[in-house]
Amino acid sequence: MTVAVVLLTTAFVIVVALLAAAGAGKLARMDNASYPTALTRAAATFAAVITLAAVVAGTLVALLT
């Protein structure tokens with residue numbers, strides 16, 4: 001049961017990160033940014049969401065143990 005919850009949560013975080021990155025890339029292109037700039041902004045957003053999820057998970061583990 002625990003493994004399933006961890007896998008589903010990981011999948012959810014990755015999907016949210018991909019959606020945020022796609023939105024950031026699209027907004028950058030709508031702002032007339034070049035493709036490399038839009039890709040850089042999308043990658044930075046993806047990394048930020050993954051980092052934020054890791055920090056929150058680490059904090060929760062520290063609080064709950």
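Helices (H or I, at least four residues) and strands (E, at least two) are DSSP runs, numbered from the N terminus. The model is a predicted one, in which local features need pLDDT of at least 70 and side-chain atom pairs count only at pLDDT 80 or more, while totals for chains, interfaces and linings use all residues. Residues are numbered from 1 along each chain as its sequence is written, and side-chain values use heavy atoms, with hydrogens and water left out.

**Whole chain**

Start with the protein chain in cartoon view: two helices and zero strands. Its radius of gyration is 15 Å, well over the 11 Å that the globule rule gives for 65 residues, so the chain is more spread out than a compact globule. That radius is taken over C-alpha atoms, and the rule is 2.2 Å times the number of residues to the power 0.38. Along the principal axes, the C-alpha atoms fill a box of roughly 45 × 20 × 15 Å.

How many of the 65 residues, as a percentage, count as buried? The value is 12%. Buried means under 20% relative accessible area, exposed over 50%, and partly exposed in between (1.4 Å probe, protein chains only).

**The loop**

Select Asn-32, in the loop between α1 and α2. Although Asn-32 is not a glycine, its phi is positive, at about 65 degrees. With 72% relative accessibility, Asn-32 counts as exposed.

**Helix α1**

Move to Ala-4 in helix α1. Ala-4 is partly exposed, at 41% relative accessibility.

**Between the helices**

Next select Ala-47, which lies in helix α2 and is partly exposed, with a relative accessible area of 38%.

Then select Val-6, Thr-9, Thr-10, Val-13, Ala-53, Ala-54 and Ala-57, which line the largest pocket. The elements giving two or more residues to this lining are α1 (2-30) and α2, and α1 supplies the largest share, four residues. About 170 Å³ of space lies in the pocket. A pocket is found on a 1 Å grid over the protein atoms alone, as an open set of points where a 1.4 Å probe fits, with protein on both sides within 12 Å along at least five of seven lines; lining residues have an atom within 4 Å of a point. Grid points are joined across faces, edges and corners, and the volume is the space filled by probe spheres set on the points.

**The end of α2**

Finish with Leu-64, in helix α2 (residues 35-64). Leu-64 is exposed, with a relative accessible area of 73%. Leu-63 is also found in α2 and is exposed at 64%. The C-alpha atoms of Leu-63 and Ala-21, 42 residues apart along the chain, are separated by 30 Å.
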